[in-house]
There are 2 protein chains.
Amino acid sequence: MSQAVSRMAQSSPNISCGNCPIRHNAVCAECDKDELAALEAAKSYRSFAAGEPLAVSGEALTHFSSIVSGCASMSRTLEDGRRQTVGLLLPSDFIGRPGRATAAYDVVALSDTVVCRFERRTFDGLVRDTPHIATRLLTMTLDELDAARDWAVVLGRMTAREKVAAFLVSLIRRRAAATGQGEPAGDVAVALPLSREAMSDHLGLTIETTSRQITAMKKDGLIQAINTRAFRIPSFEALALIAGEDDDGGPIA
Amino acid sequence: MSQAVSRMAQSSPNISCGNCPIRHNAVCAECDKDELAALEAAKSYRSFAAGEPLAVSGEALTHFSSIVSGCASMSRTLEDGRRQTVGLLLPSDFIGRPGRATAAYDVVALSDTVVCRFERRTFDGLVRDTPHIATRLLTMTLDELDAARDWAVVLGRMTAREKVAAFLVSLIRRRAAATGQGEPAGDVAVALPLSREAMSDHLGLTIETTSRQITAMKKDGLIQAINTRAFRIPSFEALALIAGEDDDGGPIA
DNA sequence: CCAATAAGTTGATCTCGATCAATGCGAACT
DNA sequence: AGTTCGCATTGATCGAGATCAACTTATTGG
């Protein structure tokens, strides 16, 4: 998909992928040989086609996984069909939590997706017995928590236009971060890894409203359509401004 | 305030409070004497009057704190004044995160509040060097993450009435959990520790809409007003049903 | 290459919650 | 007791986004 994936894939795939839950790789300074061996033994990969479920809310979750490439959504659907995505999973994001055997949300692949995974009980033991893995997981979880809280501001208080802008801005930032670039600036391109419906589920909007906002933003010159799933953004800063940010760049402190 | 506070306060206050970030107390099986002594030496208490800020977004956060009694909100305010509360902090909830020196949100005391706190650098060291403290913190953070994601469903997809019901249900559940009771049932009472404004900021609604929904729910017999800040709920189950839950009790799996 | 189907856009209308504005109510102070 | 001030409720109106519906554009398969 993005440059991120190809970059990840080439980093010593035979030892350990570059975006495992603990971000382990061959040069991890804190890992001794026994730990690496244990991780390798417990690790496996699995592919999912777009639309395929990676987990079903309420059902057993046998593995702790981390996205290697592709994109998935984590969502809850109410009885009457209303659906809210609570997290967009991109490479390096994890699925599952130590000590819990049941999935709390539905996780569905939005595009073809590869995950790196660990059998749950093995992983639980690894977290319990390996301090620096637990620490690494804590940092990742705290980051996810901040992201979830930031998103609550979008869902609770932003207009449709601001929501769409905030989504594009956050997607562009995550892609840039994954490829090791800094804060995006100026003219940038985004490939959307999801449908208008998945986008709307994430934004708490209907498909129609999302579509109309995109059209309006095209008219205003904020975005240009390469095709329906790819945009060119002439000014990232202008978009970020609409997404309700200070003009000094970066997310609100 | 609630029964929770008095119950907490009496558990060996001279050794360690019962709701410190790591839920340490005199009988913690995993803590040796040195660790306990280190915790005690680093610990202090501080009181805040209702309305007083515990932290300001973007400014230095010198301590890692845990609510002992009272109630605080964690929120972000956009430039134009729109405000969204991203977390309601009740006893045992923590403020701050290891390894970060700056507050990400505004934290304000909603009622008179007491916190138990640790000087930041000391706490960072403690988390780094004491595996079971890191593990405990990881569990708490994962729980917060689930709560934040659950709330995203409320903010993104629920109607005003459902939002108010969901808020009351979650508040009642947290109170019950804090006092060691199980799932609430039947006729229950809630004391609201916050104003209509703070409630609205949490729900992503205006004060007027929140007030109207409360009035409507009174008319429908779902809630009875003891006073403006305290309700009697004749049927917790009926309220939970409106809050968009399955009828088998408990949050959706 | 053209049907068939899914995904996306656009239009018309309606509704829920926001907004603007006034009134009610209770606690704190004199 | 009455005044004041902040909080809460109620009323009237407006508008952003939802809904219902038609249509267009991609994508897939024969």
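**Protein–DNA and protein–protein contacts in the predicted model**

Helix α7(B) makes the largest contribution to the surface near DNA strand D, giving five residues. The model is predicted. In total, 17 residues surround DNA strand D, and the closest are Ala160(A), Thr209(A), Arg212(A), Arg196(B) and Thr215(B). Of the atoms of DNA strand D that come within 4 Å of the protein, 63% belong to sugar and phosphate.

Polar contacts to DNA strand D involve both backbone and bases. A polar backbone atom of Ala160(A) lies 2.8 Å from a phosphate oxygen of DNA strand D. The elements that give two or more residues to the surface near DNA strand D are α7 of chain A and α7 (207–219) of chain B.

DNA strand C also has 17 residues around it, of which Arg196(A), Arg212(A), Thr215(A), Ala160(B) and Thr209(B) come nearest. Sugar and phosphate make up 64% of the atoms of DNA strand C within 4 Å of the protein. The side chain of Arg212(A) places a polar atom 2.8 Å from a base nitrogen of DNA strand C. Phosphate oxygens of DNA strand C lie 3.0 Å from a polar side-chain atom of Arg229(A) and 2.5 Å from a side-chain N or O atom of Thr209(B). Here α7(A) supplies the largest share of the surface, five residues. The surface near DNA strand C divides into two nonpolar, eight polar and seven charged residues.

Within chain A, the axes of helix α6 (residues 196–203) and helix α7 (residues 207–219) come within 8 Å and cross at roughly 100°; α6(A) is therefore roughly perpendicular to α7(A). Arg196(A), Glu197(A), Met199(A), Ser200(A) and Leu203(A) of α6(A) meet Ile207(A), Thr210(A) and Ile214(A) of α7(A). This contact comprises four nonpolar, two polar and two charged residues.

The contact between the two protein chains takes 48 residues from chain A and 48 residues from chain B. Together the chains bury about 4,400 Å², 57% of it on carbon and sulfur atoms. Arg97(B), Arg149(B) and Arg157(B) supply 18% of the area that chain B buries against chain A, more than any other three residues.

Conventions
Residues are numbered from 1 along each chain as its sequence is written. Chains are lettered from A and ligands numbered from 1 in the order in which they are written. This is a predicted model: local features need pLDDT of at least 70, side-chain atom pairs count only at pLDDT 80 or more; totals for chains, interfaces and linings use all residues. Side-chain values use heavy atoms; hydrogens and water are left out. Axes are lines fitted to C-alpha atoms, for helices over the stretch in contact, and angles run from 0 to 180 degrees between N-to-C directions. Helices (H or I, at least four residues) and strands (E, at least two) are DSSP runs, numbered from the N terminus. Angles under 35 degrees count as roughly parallel, over 145 as roughly antiparallel, 65 to 115 as roughly perpendicular and the rest as oblique. Contact means heavy atoms within 4.5 Å. Ala, Val, Leu, Ile, Met, Phe, Trp, Tyr, Cys and Pro count as nonpolar, Asp, Glu, Lys and Arg as charged, and the others, Gly among them, as polar. A residue is near a molecule or strand if one of its heavy atoms lies within 4 Å of it. A polar contact is a pair of N or O atoms within 3.5 Å; within protein, one must be able to donate a hydrogen and the other to accept it, and residues adjacent in sequence count only if both atoms are side-chain atoms. Buried area is the accessible area (1.4 Å probe) that two parts lose on being put together, summed over both.
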